[in-house]
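Student: Could you walk me through this one? I'd like to take it piece by piece.

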Amino acid sequence: MAARMNTLSLLNPSHVSLRPRDSRFSHRPLRFYSSPNPNRRALFCTCSTTNGESFVLTTPLYYVNAPPHMGSAYTTIAADAVARFQRLLGKKVIFITGTDEHGEKIAAAAMAQGSTPLDHCNVISQAYKTLWKDLDISYDKFIRTTDSKHEAIVKEFYSRVLAKGDIYQADYEGLYCVNCEEYKDEKELLENNCCPVHLKPCDSRKEENYFFALSKYQKSLEEALNKNPNFVQPSFRLNEVQSWVKGGLRDFSISRASVDWGIPIPNDRSQTIYVWFDALLGYISALSDEQEQPDLLNAVSSGWPAALHLIGKDILRFHAVYWPAMLMSAGLSLPKMVFGHGFLTKDGMKMGKSLGNTLEPNELVHRFGTDAVRYFFLREVEFGSDGDYSEERFINIVNAHLANTIGNLLNRTLGLLKKNCQSTLVVDSTTAAEGNEFKDNVEKLVDKARMHYENLSLSSACEAVLEIGNVGNFYMDERAPWSLFKQGGTASEAAAKDLVIILETARIIAIALLPVTPSLSWRIYEQLGYSRDQFDAATWGDTKWGGLKGGQVMAQPKPVFARIENQTEDVDKGVAVGKTMKSKGKKMKQAQQVAGA
Ligand code: MSP
């Protein structure tokens, strides 16, 4: 699905004759752009929001040519973890996701299904919403590019850019890849003008289009990137973006004469707006209030600029080059940061519909549960780099970390508390840990986790939380409270305190891991005797030692995370996947074979 690999629909001068209708191409300085303090440790301001400023973060708007796969779910899971973390810090978060529904590719997909484009979009868009529910995605706004408020805002934006003198008509002749939804530079094509991503020949097209004067913004973009090196993350992707800009920016076509399924160009119904010029505006139109008449500046005043666009690396140029230039043209602020993560691969190949090696997120959730899926991909794949999926590793990691290190620690402690203390805490956790350096270790690890979350190092954040579980288990084994209880007297009192210490540790783990495993965290809290309201009111401040009080009664011990039984010994060797995938086994088996071929 992620089709546009590292290319732009750039104007190829050898194929183009330009007839600018408006030549007011003046270079304007960048407006409303603030440079951050480069010495700041965290990527984001971590103070709680006191001035009502929102933390707006976005996922890409997903194409609806086909239902979501695990690659598309990955960005959304990561965004959800960031959103939940920022909420814990007290920020007013607006988490935006949605679907990108216009263009030739979508119209063709609908036709292939014997459906109208809108009916098709309704079905697939709903499939995204259902998956987000199953994955515990706490989005605040879901924008569809077919929403009427979105269309109104795109048209208004277009008119602003036109009024600025940045849109002109010109003839275009070039090679178009429908799957990528972009014109290709001949140099990048394979034999027979085949697209290197989809391995299908590009169509030769000639039409008169409207163009956006991207070249005008070359200098402003260079300055913006120099002034704000945090704008592109991870930092190694900044060089790539800078070299694209330095290499020279060429104007790009923002309309299609041959595509009906799109937003008509204002005052020229013979053309529709190019999908990218349309979809990027979804980040702003999503902010527009349902009750009010859609209006660009009203939407902007509801939270723009976004604090963070989370995207895959294949669409970095659209977000770090096209989009800022479009915003500069319209006189709007730039987003504060664009983070390009890596790809999920299967047996070393990018997971995607075109290669047929996708993983079904519904299937994974159904088999292993939401927390396992969220945890595995965030823990296992370093955010920013590519990461390979292996079922064997999935099961091993999830069992070792969530079932054994965390779940089992809580369960055995609650068992001992039930047996020896009527499931009731004998003292406050602060008193229990007095003079005990174990508490200091936990606090240090919590600080570490927070720093990693702030820096979007989600895997390292998980690792730091897991380490809290490890030190907890170590403490438990070393102290062996089960033997102390048998000795009675002061030994028994010490053991009761040890249980409080471990349960307080489990409570802290629950909050610190909440951005990644919200359901598991709730189950831990429930076991510790808290109500849902108490859990929902938790903040990052609750990772501080001292939450559990003497006299608090714990729930009946029951496992918070069921171990995944490995049904086959040979999983992930390409032969056994079908056996474990019951309902869609055939499909998965086929995908595995393609990937392994
Ligand atoms: N519609 C555009 C985005 C417009 S945003 C204004 C688009 N859609 S997409 O559905 O093709 O891709 C959406 C996101 O999914 C991209 O960030 C892409 O990188 C991500 N992924 C698709 N396959 C992926 C993997 N195999 N691994 C990780 N992410 C991948 O592009």
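Tutor: Happy to. Helices (H or I, at least four residues) and strands (E, at least two) are DSSP runs, numbered from the N terminus. The model is predicted: local features need pLDDT of at least 70, side-chain atom pairs count only at pLDDT 80 or more, and totals for chains, interfaces and linings use all residues. Residues are numbered from 1 along each chain as its sequence is written, and side-chain values use heavy atoms, without hydrogens or water.

Student: Where does Ser390 sit?

Tutor: Ser390 is in the loop between strand S17 (387–389) and H13.

Student: Is Ser390 buried or exposed?

Tutor: Its relative accessible area is 12%, so Ser390 is buried. Buried means under 20%, exposed over 50%, and partly exposed in between (1.4 Å probe, protein chains only).

Student: Which backbone nitrogen lies 3.1 Å from a polar atom of the Ser390 side chain?

Tutor: The one of Arg393. A polar contact is a pair of N or O atoms within 3.5 Å; within protein, one must be able to donate a hydrogen and the other to accept it, and residues adjacent in sequence count only if both atoms are side-chain atoms.

Student: New topic: sheets. What order do the six strands of the open sheet follow?

Tutor: The order is S4-S3-S2-S13-S14-S8, with parallel pairing. Strand S4 (141–144) and S8 are the edge strands, each pairing on one side only. Two strands pair if DSSP finds at least two bridges between them.

Student: Why call S13 largely enclosed?

Tutor: Because five of its five residues are buried, S13 is largely enclosed by the rest of the structure.

Student: Let's go to H15. How many residues does that helix have?

Tutor: H15 (residues 437–454) has 18 residues, and from its first C-alpha to its last it reaches 26 Å. That is close to the 26 Å expected at 1.5 Å a residue, where the expected span is 1.5 Å times one less than the number of residues.

Student: What's at its N-terminal end?

Tutor: Asn436 caps that end of H15, with a side-chain oxygen 3.0 Å from the backbone nitrogen of Phe438. After H15 comes Leu456, whose phi is positive, near 60 degrees.

Student: Which helices do the buried residues of H15 pack against?

Tutor: They pack against helix H1 (70–88), helix H16 (458–479) and helix H18 (489–513). The buried set in H15 includes Phe438, Val442, Leu445 and His452. His452 counts as buried because its relative accessible area is 15%. Leaving out residues up to four places away in sequence, His452 touches Ser457, Ser460 and Ala461; contact means heavy atoms within 4.5 Å.

Student: What about the largest nonpolar core?

Tutor: A nonpolar core is a set of buried Ala, Val, Leu, Ile, Met, Phe, Trp, Tyr and Cys residues joined through side-chain atoms within 4.5 Å. The largest has 187 residues, and Met70, Phe157, Phe212, Ile284, Phe377 and Phe394 touch the most other members. H18 gives the most to this core, with 15 residues. Apart from it lies another core of six residues, among them Cys177, Cys180, Cys195 and Cys202.

Student: Where are the cis peptide bonds you'd point me to?

Tutor: One joins Gln233 and Pro234, with omega about -10 degrees. Pro234 sits in the loop between strand S8 (232–233) and helix H6 (236–246). The bond from Trp304 to Pro305 is also cis, with omega near 5 degrees, and Pro305 is in the loop between helix H9 (296–301) and strand S13 (308–312).

Student: Last one: what is the phi of Asn267?

Tutor: Positive, about 70 degrees, although Asn267 is not a glycine. Asn267 lies in the loop between strand S11 (264–265) and strand S12 (268–273), and counts as exposed because its relative accessibility is 82%. Ser423 has a positive phi as well, near 60 degrees, but at 7% relative accessibility Ser423 counts as buried.
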